[in-house]
Every structure is written in structure tokens, then in C-alpha cells.
Amino acid sequence: MTEGETSRFIRSSFGSIWSLELLLVLRARPDQSWSHDEVIAALRASEEVLARSTSDLRAAGLIATDSAGIRYAPASPEREEMVGVVANLYATRPAAVRRLIVGTSDAAARFADAFLFRKGD
């Protein structure tokens with residue numbers, strides 16, 4: 001993975017730091033299906049934060065939701081690999097990851113980045 005690919009993935013997949021935090025919680029227990037209440041308690045987040053984060057991650061092909069709850073479910077091995085890269089980067093350089101996420105509030109730029117990343121998928 002190149003640095004550019006990683007940056008594009010971060011910018012296109014995470015609408016907020018909450019989205020990344022949610023993904024990391026789910027990834028820690030990949031076989032578990034989490035209820036909304038369990039996720040809210042684990043993140044100490046609001047229902048609105050959970051709804052937005054879930055929407056971001058589902059659109060990015062990183063989680064699945066159904067009647068049982070929310071679970072970690074990357075759509076491809078490439079996405080799984082990229083999540084590992086992002087998790088390691090966030091563990092070692094959290095400020096850099098936060099800047100990539102927070103610095104992408106422009107919806108048009110996020111859409112364009114998502115298209116560019118998915119084109120090569």
C-alpha cells in the first residue's frame with residue numbers, strides 16, 4: 001500500500017473520527033454482532049453519532065448491519081488489509097490520521113476520493 005492509497009482510503013471511508021473508532025471496536029471482536037446499545041456504551045457515543053458512523057462504514061464496505069446488529073465485515077481482502085494498515089497508523093501516528101479525517105469535510109472531495117480509490121479496487 002502506498003501512502004497515497006492509504007490517505008485516499010482514510011479520507012473516503014471515515015466521515016469522522018467516531019467512524020474510525022467504531023470500526024476499531026468492531027474489528028477487535030470480528031465474530032461478534034453488536035447491538036446499538038452495546039456500541040453506544042463501548043464508544044460512549046450518541047445515537048446520532050452511531051447512525052452517521054454506521055452509514056459511513058457501511059458505504060465504505062467495512063461493516064454489515066442486520067437484525068442481529070452491527071459487525072465488522074470488510075467487503076474484500078484488500079479492504080481488510082487496508083483497515084490493518086490504518087489501525088497500525090492510528091496506533092502509531094494518531095494525529096496524522098485525525099488530520100486526514102478532519103481535513104476532509106468537503107463532501108465533493110470525499111466523493112471524488114472514494115471514486116478514485118474504488119476505481120483501482
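Me: Which residues of H6 are buried?

Reply: Buried means under 20% relative accessible area, exposed over 50%, and partly exposed in between (1.4 Å probe, protein chains only). In H6 the buried ones are Ala 96, Val 97 and Ile 101. They span an arc of only 135° around the axis, so they sit on the same side of H6; the arc is taken from the directions from the helix axis to the C-beta atoms. This is a predicted model, where local features need pLDDT of at least 70, side-chain atom pairs count only at pLDDT 80 or more, and totals for chains, interfaces and linings use all residues. Residues are numbered from 1 along each chain as its sequence is written, and side-chain values use heavy atoms, leaving out hydrogens and water.

Me: Which exposed residues does the face turned away from that buried side carry?

Reply: Arg 99 and Val 102.

Me: How do I read two packed helices, and what is the case for H1 and H6?

Reply: You describe such a pair by the angle between the axes and the distance between them. Here the axes of H1 (residues 3-13) and H6 (residues 94-102) come within 8 Å and cross at roughly 55°. Axes are lines fitted to C-alpha atoms, for helices over the stretch in contact, and angles run from 0 to 180 degrees between N-to-C directions. H1 and H6 are therefore oblique to each other (under 35 degrees is roughly parallel, over 145 roughly antiparallel, 65 to 115 roughly perpendicular, the rest oblique).

Me: Which residues make the contact?

Reply: Contact means heavy atoms within 4.5 Å. Ser 7, Ile 10 and Arg 11 of H1 meet Val 97, Leu 100 and Ile 101 of H6.

Key. Helix = DSSP H or I, 4+ residues; strand = E, 2+ residues; numbered from the N terminus.
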